[in-house]
Amino acid sequence: MIRMTEPSKITSVPDHQPAAGGIAARARASVGPKYLSGLNPEQREAVETLDGPVLVLAGAGTGKTRVLTTRIAHILSQGRARPAEILSVTFTNKAAREMKHRLGQMLGHAVEGMPWLGTFHSIGGRILRFHAELAQLKSNFTVLDVDDQVRLLKQLLQAENIDDKRWPARMLAGLIDGWKNRGLMPSQVPSGEAAMFGNGKGGKLYASYQERLKILNAADFGDLLLENIRIFREHPDILRQYQQRFKFILVDEYQDTNVAQYLWLRLLSQAPSFASPRVRGEADALGSAIARESAAGEGDSPSTELMETAPHPAPLPVKDGEREKTKNICCVGDDDQSIYGWRGAEVDNILRFEHDFPGAKVIRLERNYRSTGHILAAASHLIAHNEGRLGKTLRTEDQDGEKVTVTGSWDSEEEARGIGEEIEQLQRQGEKLNEIAILVRASYQMREFEDRFVTLGLPCRVIGGPRFYERAEIRDALAYLRVINSPADDLAFERIVNTPKRGLGDATIQMLHDHARKRRIPLFEAARAVVETDELKPKARGSLRDLVAQFDRWGAQREVTAHTDLAQIVLDESGYTEMWQKDRSADAAGRLENLKELVRSMEEFENLQGFLEHISLVMDREGGAEEDAVSLMTLHSAKGLEFDNVFLPGWEEGLFPSQRTLDEQGRAGLEEERRLGHVGLTRARRRAMIYFATNRRIHGTWSTTIPSRFLDELPAANVEITESKGGSAWGGTGGYGASRFDDMEAFGSSYTTPGWQRAQANRNRGGGRNSSGRSGGFEEEATTFSSSSSSGPDFGSFSSRRRGPLTIEGELVAKSTGTTSEFSLEDRVFHQKFGYGRVTKIDGNKLTIAFDKAGEKKVVDSFVQRA
């Protein structure tokens, strides 16, 4: 007989959790998932803290990507959510692909079914396509790039009779992008800002632009999030669906989010029972904003008078006992690496995380796995001067390594020479050029290095140059495909309506525009209507009718033909391929190869729409990665990269920190510039080398500069002052030090170029100093080039009198003559500067030679002789 105990007499047993450090806890840890092995305590805490809001402050090189991917793996392996219930947001498609790849490695199988792992814009675009009708769009809308935006805005400026020279369309595009980054619809733009453009018509133009986008069935990048926000606010039932769908939200690089991204995340990160956050002005006092929020009540619509500056919602309401209802959101970022304020990023988003999510847990990752001790100490000491930061100190268990070096140069040319010689020395020591980077503050600094590297024969890869999809022939081909995908895409249709030439001039295009505006229809439909009338001349009407028929035929073929085959058909039948085949210009063959590469690139995608969306959202630099070359880029482009050796030139007041940034943003700008310096230093694994010049040519004008204030903010114990190898240095005789031409071995070469011999002649005459012995300036005696002397200069008789820096008034220039080289592959040769080597490649009279000590160089055959 079974006896039943009365429920009222049952004594409850408390839930059991293994004691920290106990037998059960240690035993459970020993059989934990393999993906948790190798994590340090802080990383493991960030991975295993799954409930509630979590902020992971991950310093440079602390393994934040590993933490983020391991956290997703942990959620999946613990059964806390299915892949489709995790929203994971990154800033680049490359980061999203890397996360998927790492997840596959951790879990032992390919990660499928994670449709919500991607960038802000790709996920926002996906949501918008699901609810396109609520934004007055169709699901196949086109995403415009900047070039198309500018063209559309030019049309609107012409319609309003606004001088586009005084009020450039690109300037208006920047203003609109800024408003959208702040989450502002046309009706919410402050009147003062709207009046800044077009004699007070900025707001009206913004509204007209948005209206025109709807007619074209198009959206720009800002709309992908802005329309999401509007739909979520106006349709709480749709917002609730996504809130219930996403059990976990993970965000990478949270410090780089702008206001629109912040609002988007805040809406999705609320528990479904909570109302939408109220929009308020950033300038409002925090306490009064919260008080107004409470007084107004939850769920009120945004107030337009609170939109004077970038909007921020009030904190999420959390009632007593409802801590568990807060969304499981984890944001990973580093307030010390927020360097994109110029494009709308708000460092305040990460600084106020604990205020936005009361009870949030903050976990700091401070152990660096990238850089040596001296580099980390210098970077940490520099960033500690910032006041607006949450605070952390990077450390390493690795060796201290080499100290950070600071080198002064007389001018920017000497700076480039010195860095070039340092790189050659590193190359002789066995360092790979791919592990060497030069990070500049402004893009115009690159020219000096590019010119110098051509002279030295050093391969150089400029990061951030023209991209494949920005080439004219590629944009033309994509325009054809865009019209097939969305016939309402006016900008694409206008681009190719007369490419190749079809006899459709400006008057025809203007007629189509007038007809389209009057009837409020796309250009393609206007063309279809016009060809049925006698408004056009017979030849133009026939050409336009044929083009419309072609697009109708291609549209039908799209349903039964592979998108790669369709692309080839379009290029052939449109006459575009034939146009370049008949072109006799030097670059025609290259353009045809680019078109072939475009068709090949489409094979990775399931359909045409997926390919076009990929092109709109990501334009990663392709090609050249396999070449061993020095990387040259701006500090902003270097974010997320790392190299063994990093050169940081141009640390001068006015250049770094940027005077323009200081003038426009004041202390906030100074702190962002300092964060940029921190990012630059922490790109280096083994060596960080800082340079500054006393004289720099900026936009064609020489300016005298002073060293950057950031140099005095570096710790003396971790920094070493070195002398430039590129010419005159600091200190020494005359205040400028000895020139490198004082070294007798400096002219041990038998070069016979005019610049080289002129430098020798200057050296032999005492460096061009006048007899008055003045100690500064560039004044030199006039020199003449004499080729009569067959012997080198008499270094022993060189005067040791005081003189200033010398200048080589020439450079080694070698041009291909188009002739055939007398050398053959594998020939053993000798070069006066680079020594002995072996010919590995021949291009006319240009040789690629693998030198025994100097590495691979490109030289003209007239500078080498058989060994």
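Predicted model: local features only at pLDDT ≥ 70, side-chain atom pairs only at ≥ 80, totals over all residues.
Biologist: Let's start with Asp336. Where does Asp336 sit?

Modeller: Look in the loop between β9 (328-333) and α14 (348-351).

Biologist: Why is Asp336 called buried?

Modeller: Its relative accessible area is 3%, and buried means under 20%. Since 3% falls under that cut-off, Asp336 counts as buried.

Biologist: What makes the pair Asp336 and Lys392 a polar contact?

Modeller: Their side chains are joined at 3.1 Å, and the limit is a pair of N or O atoms within 3.5 Å. So the pair qualifies.

Biologist: Which residues does Asp336 touch, leaving out those up to four places away in sequence?

Modeller: Ile383, Arg389, Lys392, Arg675, His678 and Val679. Each has heavy atoms within 4.5 Å of Asp336, because that is what contact means here.

Biologist: On to β9. How do you know that both faces of β9 are covered?

Modeller: Asn328, Cys330 and Val332 on one side are buried, and so are Ile329, Cys331 and Gly333 on the other.

Biologist: What makes β1 and β9 a pair?

Modeller: Pairing takes at least two bridges, and four join β1 (residues 54-58) to β9, so the two strands pair. They run parallel, and Val54 has Cys330 as its bridge partner.

Biologist: And what makes β6 a partner of β9?

Modeller: Four bridges again, in the parallel sense, between β6 (residues 248-251) and β9. There, Ile249 stands opposite Ile329.

Key: Residues numbered from 1 in each chain as written. Heavy atoms only, no water. Buried < 20%, exposed > 50% of the residue type's maximum accessible area, 1.4 Å probe, protein only. Polar contact = N/O pair within 3.5 Å; in protein donor to acceptor, adjacent residues only side chain to side chain.
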